[in-house]
Amino acid sequence: MKRRKLCALVLAAALSGLTACSGGEKEEGTQTKKQEPVMTALENGEVSLQKSTGGNPLVGDSETGDYQYGGDPSVLVDGDTVYLYTGHDLSTDSEVKRAIYNIPEYVCYSTKDMKNWKSEGTVMKVSTDEVDWVTSSTTAWASQVVKHRDGEAGKDRCYLYYCSWDKTSSGKQSIGVAVADSPTGPFKDIGKPLVQGTLTEPQRSNWDDIDPTVWVETDDSGEEHRYLAWGNSQYYICELNEDMISVKDLNGDGKITCGMTPEEADVLHHQTGLTSFTEAPWIYRRKDAEGKYYGKYYLFYAYGWRERMAYATTDDLLTGSWKFGSVLMPPTATSNTNHMAVFDFKGKTYFVYHNGSLPGGNGYRRSACITELRFDDKGKVEVMSETAAGLNGTIMKIRDGAGNSLFHENFMNSGNDQEYPYKDIAVLAGTPETERDAEWVLAKGKADPGKDAFVSIQSENKPGLYLTAGEDGTVTLAQDTDASEAAAKRQTFRTVAGMADARGVSFESISQPGKYLTVKEQKLCLTDGSDKKMATFYVDRKEK
């Protein structure tokens with residue numbers, strides 16, 4: 001035991017000589033903040049690398065393998081609290097293969113600091129026992145919650161707008177609404193669809209009427225408007241009455257119909273300018289320093305297939321023409337669909353989306369993620385990409401023994417379903433095509449999160465893709481598609497003091513003990529570590 005302690009002390013002394021791994025102090029205005037060391041010594045020659053916390057996904061991760069998947073995120077900001085809602089994805093492997101969504105309920109999480117998320121549990125079950133008009137108990141598709149004053153009751157209420165298959169509308173999807181006294185529910189359906197799938201036209205499919213988004217605003221004359229929009233391939237919008245649970249009769253003819261203008265109908269279909277509109281609309285408008293809305297309306301939506309994120313703008317939600325903005329985010333590396341929520345909180349604007357980055361994840365087992373959304377000085381939305389680090393995680397740079405950056409080959413996520421899941425992306429050493437391909441997020445070892453010397457290494461800009469050891473000695477960037485023990489071992493490495501330099505680190509494969517990450521002919525692979533220099537790496541924190 002004395003010898004082990006002596007070795008650890010010697011290693012610690014060596015580590016303290018490496019500035020990048022010593023943490024040091026960082027100036028923040030007049031205050032000095034001490035950072036956590038990138039690498040610390042353990043016993044038996046092992047070292048512990050700083051693991052990223054507070055990154056993406058926002059919720060659902062688990063050290064026991066009991067992951068909670070959930071897609072189609074939406075957000076309600078209520079005072080000092082942000083509420084995040086998702087459908088609860090429960091599709092089995094068999095259902096995933098058959099492209100079947102199994103979503104029985106909506107769940108909620110909350111935060112006051114955008115760092116720590118609290119599970120609020122189930123807020124509504126969409127079952128045949130709870131909702132009279134739905135066809136099954138597994139179709140809680142996308143939703144959004146808003147808070148509004150109930151004048152008749154004299155108090156605020158929360159309204160959850162959602163969509164599900166409707167047995168009262170020829171089996172089509174319809175838009176429903178449920179009501180609660182609190183953002184955390186329980187929400188109770190009003191007893192009938194708010195907008196039936198048989199009402200809207202033109203029709204391209206039985207699932208045209210999905211993905212509701214709501215916007216409430218008082219205009220310059222003091223009149224309040226309550227807009228409800230939705231759609232898949234077809235975009236529809238209407239106004240709601242003050243009760244929030246019925247459609248406003250815009251033309252006053254005593255009936256609710258669908259058409260192109262407020263003079264002829266109440267549910268409007270007009271989507272010129274919404275280039276490649278697929279689904280998942282989300283209405284947003286900016287606020288000034290006093291909290292007053294200004295400028296154009298933004299409609300964020302899913303674009304094409306596999307789904308990208310895009311936006312368009314208009315001056316008038318009901319009758320204005322749409323002007324296409326741009327594609328904002330490519331298809332994710334792990335999910336065929338995407339769905340956003342855009343919101344303001346404490347002076348910043350955020351963009352929540354989903355992917356399949358948790359182990360076993362995919363387009364039917366999704367996870368909510370977040371990034372900051374920014375505008376240029378003309379109001380144009382800046383392009384975004386996925387991020388594993390999210391708002392609060394830590395990004396690392398890794399260099400090999402020759403000082404070359406470790407990076408994955410540059411590629412654009414494909415729109416072709418047949419190219420997924422990604423499992424053989426080359427990992428190289430040298431000069432990356434883009435700097436982001438050389439950014440990594442270190443996670444607790446998937447094979448045993450309790451061991452400090454175990455680590456899994458995820459791409460920052462391709463979340464859900466990890467360094468993966470192949471049985472043939474190859475090392476690629478790959479997705480964990482089955483959340484199996486074998487996959488966890490292939491994507492976990494034991495960190496020990498660098499074989500050629502104790503200030504560095506060497507990575508031993510957990511699936512193949514005695515084999516180490518090594519750069520050979522500028523490509524990452526597994527070897528016996530005999531080339532100690534090229535099996536030694538240096539890890540540095542990317543400064544924000």
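This passage describes the overall build of the chain and then several of its strands, loops and backbone features.

The structure is a predicted model, in which local features need pLDDT of at least 70 and side-chain atom pairs count only at pLDDT 80 or more, while totals for chains, interfaces and linings use all residues. Residues are numbered from 1 along each chain as its sequence is written, and side-chain values use heavy atoms, with hydrogens and water left out.

The chain holds four helices and 36 strands; here helices (H or I, at least four residues) and strands (E, at least two) are DSSP runs, numbered from the N terminus. Its radius of gyration is 26 Å, which agrees with the value near 24 Å that a compact globule of 544 residues would have. That radius is taken over C-alpha atoms, and the globule rule is 2.2 Å times the number of residues to the power 0.38. The C-alpha trace spans about 90 × 55 × 40 Å along its principal axes. Of the 544 residues, 56% count as buried, where buried means under 20% relative accessible area, exposed over 50%, and partly exposed in between (1.4 Å probe, protein chains only).

Among contacts between residues at least 6 apart in sequence, 56% join residues at least 24 apart; contact means heavy atoms within 4.5 Å. The accessible surface comes to about 23300 Å², and 46% of that surface belongs to carbon and sulfur atoms. These areas come from the Shrake-Rupley method with a 1.4 Å probe; for residues, only the protein chains shown count as cover. As for charge, the mean positions of the 61 positive and 80 negative charges are 7 Å apart. In that count Lys and Arg are positive and Asp and Glu negative, with His and the chain ends not counted, and each charge is placed at NZ of Lys, CZ of Arg, CG of Asp or CD of Glu.

Nine of its nine residues are buried, so β6 is largely enclosed by the rest of the structure. Strand β5 (residues 69-78) pairs with β6 in the antiparallel sense over eight bridges; two strands pair if DSSP finds at least two bridges between them. Within this pairing, G71 stands opposite G87 in β6. The hairpin of β5 and β6 has two residues between the strands, and G79 takes a positive phi near 65 degrees there. β6 also pairs with strand β7 (residues 105-111), again in the antiparallel sense, over six bridges. Y106 in β7 is the bridge partner of G87.

L160 is buried, with a relative accessible area of 0%. Leaving aside neighbours within four places in sequence, the residues in contact with L160 include Y106, V123, M124, V145, V177 and F187. L160 and V179 are 19 residues apart in sequence, yet their C-alpha atoms are 6.3 Å apart in space.

Strand β33 (residues 505-509) is mostly covered, with five of its five residues buried. V505, F507 and S509 lie on one side and S506 and E508 on the other, and all are buried. Strand β32 (residues 493-497) runs antiparallel to β33 and is joined to β33 by five bridges. R494 has E508 in β33 as its bridge partner.

Elsewhere, five strands form an open sheet of mixed pairing in the order β13-β14-β15-β17-β16. Its edge strands, β13 (213-218) and β16 (258-259), each pair on one side only. Strand β15 (residues 236-239) and strand β17 (residues 267-269) run antiparallel and are joined by two bridges, with Y236 opposite H269 in β17.

Some backbone details are worth checking in the viewer. Most residues other than glycine have a negative phi, and most peptide bonds are trans. The peptide bond from W305 to R306 is cis, with omega near -15 degrees, and R306 lies in the loop between β19 (293-303) and β20 (308-314). Another cis peptide bond joins Y420 and P421, with omega about -5 degrees; P421 sits in the loop between β26 (405-408) and β27 (425-430). D211 has a positive phi near 60 degrees and is found in the loop between β12 (188-189) and β13. At 4% relative accessibility, D211 counts as buried. S276 has a positive phi near 55 degrees, lies in the loop between β17 and β18 (277-287), and counts as partly exposed at 37% relative accessibility.
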